[in-house]
Amino acid sequence: MKTILITGCSSGFGLEIAKHFLDRDWKVVATMRTPDPEVLPSSENLRILPLDVTDAASIAAAIREAGPIDALVNNAGIGLLNALEGTPIGKIREIFETNTFGTMAVTQAVLPQFRERRAGVIVNVTSSVTLKPLLLLSIYTASKAAVNAFTESLALELAPFNIRAALVLPGQAPDTRFADNARALMLGIPEAYDDLAQKVFTGWAESTDPKTKSRDVAEAVWSVVTDPAAPSFLPAGPDAVAWAAAR
Ligand SMILES: NC(=O)c1ccc[n+]([C@@H]2O[C@H](COP(=O)([O-])OP(=O)(O)OC[C@H]3O[C@@H](n4cnc5c(N)ncnc54)[C@H](OP(=O)(O)O)[C@@H]3O)[C@@H](O)[C@H]2O)c1
């Protein structure tokens, strides 16, 4: 039986990915900043471990505790919608610490065991916002686009060790806690950008385009992890698929 470790399993995509693999007879190490066993069905194949991807000691402890794993999903992430002018540099660093450096740090921590076994797959969850520029998302997009570039280059250096590194790019998914979590991080959009912000909010409210479901993301991750022939750059959800096709 194979084992997968997933970051950010307390809600949204991470939670759905964990359930998807548990239902298909994988051992799942579901990691969360604050472990909550209530969110997942109890199973002898499930372990819940604390992991904050911005904390080196927490990463080391979780990877040690997890033991051998076959697949890693870097899913933990935070959003931010604001103008550059309204975003203090500390907040920008916070976004990169989680979305970008967190992904790199957890990947670094699992690589020795993958390399020694000459096997393993890493899936980095980025976003369809990297496929098309959007208003007031410069920082978030940059943090995810960096992971795209990082992953594509990393895949080349890991291929000789039979380790795969791939990207899943979800579209907009209003059913996760993402928007609420991002709102909590917003410090107020500067007045000069009010009209632009209004345009964004009206666009969301009026949009009837199909959106991404957590299930779309879980299925994309499943296909990348279990099928070595799966694309290493995989949009997930109808909106993400349409944007990728239009590029
Ligand atoms: N929803 C969307 O529209 C959308 C679209 C494209 C891509 N994405 C990406 O998909 C991923 C999952 O997002 P989601 O929509 O499922 O949002 P979500 O429901 O807010 O889930 C995000 C998860 O990341 C965790 N997290 C945040 N900071 C962390 C840290 N420092 N260490 C460990 N875990 C941390 C959160 O844990 P806590 O409970 O501890 O906060 C939560 O479990 C993110 O990378 C996001 O950028 C989302």
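**Exercise 1.** In β2, which residue is the bridge partner of T3?

Solution. One thing to know before you start: this is a predicted model. Look along β2 for the residue bridged to T3, and you land on K27. Next, go to I6, which stands opposite A30 in β2. Now put the two strands together: β1 (residues 3–6) and β2 pair in the parallel sense, over four bridges.

**Exercise 2.** Work out the order of the strands in the open sheet of seven.

Solution. Reading across, the order is β3-β2-β1-β4-β5-β6-β7, and the pairing is parallel. At the edges sit β3 (46–50) and β7 (233–236), each pairing on one side only. From one strand to the next, the twist averages 20°.

**Exercise 3.** Is strand β2 largely enclosed or largely open?

Solution. Then check each side of β2. On one side you find K27, V29 and T31, on the other V28, A30 and M32, and all of them are buried. That's six of the six residues in β2 (residues 27–32), so this strand is largely enclosed by the rest of the structure.

**Exercise 4.** Describe how helices α3 and α4 pack.

Solution. First the geometry: α3 (residues 89–117) and α4 (residues 138–158) meet at an angle of about 20°, and their axes are 9 Å apart. Angles under 35 degrees count as roughly parallel, so α3 is roughly parallel to α4. The crossing of α3 past α4 is right-handed. Next, who touches whom? From α3 the contact includes I92, I95 and F96, while α4 brings in Y140, V147 and F150, among others. Sorted by class, this contact has nine nonpolar, four polar and one charged residues. To finish, see where α3 sits on the sheet: α3 lies across β4 (71–74), β5 (120–125) and β6 (163–170), running at about 170° to β4.

**Exercise 5.** Is G77 buried or exposed?

Solution. Find G77 in the loop between β4 and α3. Within 10 Å there are 28 other C-beta atoms. The cut-off for buried is 20 or more, so G77 is buried. Leaving out residues up to four places away in sequence, G77 touches G8, T98, N99 and V125. For V121, compare two separations from G77: 44 residues in sequence and 19 Å in space, C-alpha to C-alpha.

How values were computed:
Residues are numbered from 1 along each chain as its sequence is written. This is a predicted model: local features need pLDDT of at least 70, side-chain atom pairs count only at pLDDT 80 or more; totals for chains, interfaces and linings use all residues. Axes are lines fitted to C-alpha atoms, for helices over the stretch in contact, and angles run from 0 to 180 degrees between N-to-C directions. Angles under 35 degrees count as roughly parallel, over 145 as roughly antiparallel, 65 to 115 as roughly perpendicular and the rest as oblique. A crossing is left-handed if the near helix is turned anticlockwise from the far one by less than a right angle, and right-handed if clockwise. Two residues are in contact if their C-beta atoms, placed from the backbone, lie within 7 Å. Ala, Val, Leu, Ile, Met, Phe, Trp, Tyr, Cys and Pro count as nonpolar, Asp, Glu, Lys and Arg as charged, and the others, Gly among them, as polar. A residue is buried if 20 or more other C-beta atoms lie within 10 Å of its own, exposed if 12 or fewer, and partly exposed in between; C-beta atoms are placed from the backbone. Two strands pair if DSSP finds at least two bridges between them.
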